[in-house]
Amino acid sequence: MDSWHYVFVLAACLIVTAPLEWGARVYRQPARVVRAVAPVALIFLAWDVLAVTAGVWSFNPRYVTGLELPGHLPVEEVLFFVVIPLCGLLTYGAVEFLSDRLPQGRRRTGRQRS
């Protein structure tokens, strides 16, 4: 069961942030998701491949399923770079949604009132 810990944590992140879709509407904007997730995922996945190949770090086989992609990356690591930015987008979208509904005088503009 330990081998599913990483997957369970990623699933929990998605479950906890799923209700935020109501206001954020992230899943209805697939182009925005790709523009936000793809560049970061590609850079950090390349970094991971280089680090694993060079022996700088590795993944504890006890906590991953054993399914690997080219570059000796566990599938969970690839999912991490999709799930976590997606959860971030959902959170940002929800905050944006709620802040748009605040009365005009209560909105934060980044400036201090005197």
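How many aromatic pairs does the structure hold? The structure holds 5 of them. Rings of Phe, Tyr and Trp (its six-membered ring) pair if their centres lie within 6.5 Å; planes under 30 degrees apart count as stacked, over 60 as edge-to-face and the rest as tilted. We will return to these rings after a look at the model itself.

This is a predicted model, in which local features need pLDDT of at least 70, side-chain atom pairs count only at pLDDT 80 or more, and totals for chains, interfaces and linings use all residues. Residues are numbered from 1 along each chain as its sequence is written, and side-chain values use heavy atoms, with hydrogens and water left out. The predictor's confidence in each residue is its pLDDT, from 0 to 100. The protein has a mean pLDDT of 89. In 90% of its residues the value is 70 or more. Confidence is highest in H1, at 95, and lowest in H2, at a mean of 89. Where pLDDT is low, the predicted coordinates should not be read in detail.

Now the elements. Helices (H or I, at least four residues) and strands (E, at least two) are DSSP runs, numbered from the N terminus. Start with helix H4, residues 75-100. H4 has 26 residues. From first C-alpha to last, H4 reaches 38 Å. That is close to the 38 Å expected at 1.5 Å a residue. The expected span is 1.5 Å times one less than the number of residues.

Which residues of H4 are buried? Among them are Phe81, Val83, Leu86, Leu89 and Phe97. Buried means under 20% relative accessible area, exposed over 50%, and partly exposed in between (1.4 Å probe, protein chains only). The buried residues of H4 pack against helix H1 (5-17), H2, H3 and E2.

Next comes the nonpolar core. Such a core is a set of buried Ala, Val, Leu, Ile, Met, Phe, Trp, Tyr and Cys residues joined through side-chain atoms within 4.5 Å. The largest one has 12 residues, including Val26, Val33, Val37, Phe81, Leu86 and Leu89. Helices H3 (30-53) and H4 are the elements that give two or more residues to this core. H3 gives the most, with 5 residues. A second, separate core has 5 residues, including Leu10, Val64, Val83 and Cys87.

Contact means heavy atoms within 4.5 Å. Leaving aside neighbours within four places in sequence, Leu86 is in contact with Leu14, Val26, Tyr27, Val33 and Val37. Leu89 lies in helix H4. Leu89 counts as buried because its relative accessibility is 12%. Not counting residues up to four places away in sequence, Leu89 touches Val26, Arg32, Val33 and Ala36.

Back to the rings. The pairs include Trp22 and Phe97, with ring centres 5.3 Å apart and planes at 75 degrees, so this pair is edge-to-face. Trp22 lies in helix H2 and Phe97 in helix H4, so the pair ties together parts that are 75 residues apart in sequence. Trp22 is exposed, with a relative accessible area of 65%, whereas Phe97 is buried at 16%. The rings of Phe44 and Phe81 have centres 5.9 Å apart and planes at 10 degrees, so they are stacked. This pair also links distant parts of the chain: Phe44 is in H3 and Phe81 in H4, 37 residues apart. Phe44 is partly exposed at 34%, and Phe81 is buried at 9%. Tyr6, Phe44, Trp47, Phe80 and Phe81 form one aromatic cluster.

Two backbone angles deserve a look. Most residues other than glycine have a negative phi. Arg25 has a positive phi, near 55 degrees. Arg25 sits in the loop between helix H2 (21-24) and H3. His72 has a positive phi too, near 60 degrees. The loop that holds His72 runs between strand E1 (68-69) and strand E2 (73-74).

Finally, the record. UniProt, in an unreviewed entry, places a "transmembrane region" feature at residues 6-24, 36-58 and 78-98. UniProt positions are given in the numbering used here, feature names are shortened, and annotations may be inferred rather than shown by experiment. In the model, residues 78-98 are 100% helix and 0% strand. Residues 6-24 are 84% helix and 0% strand.
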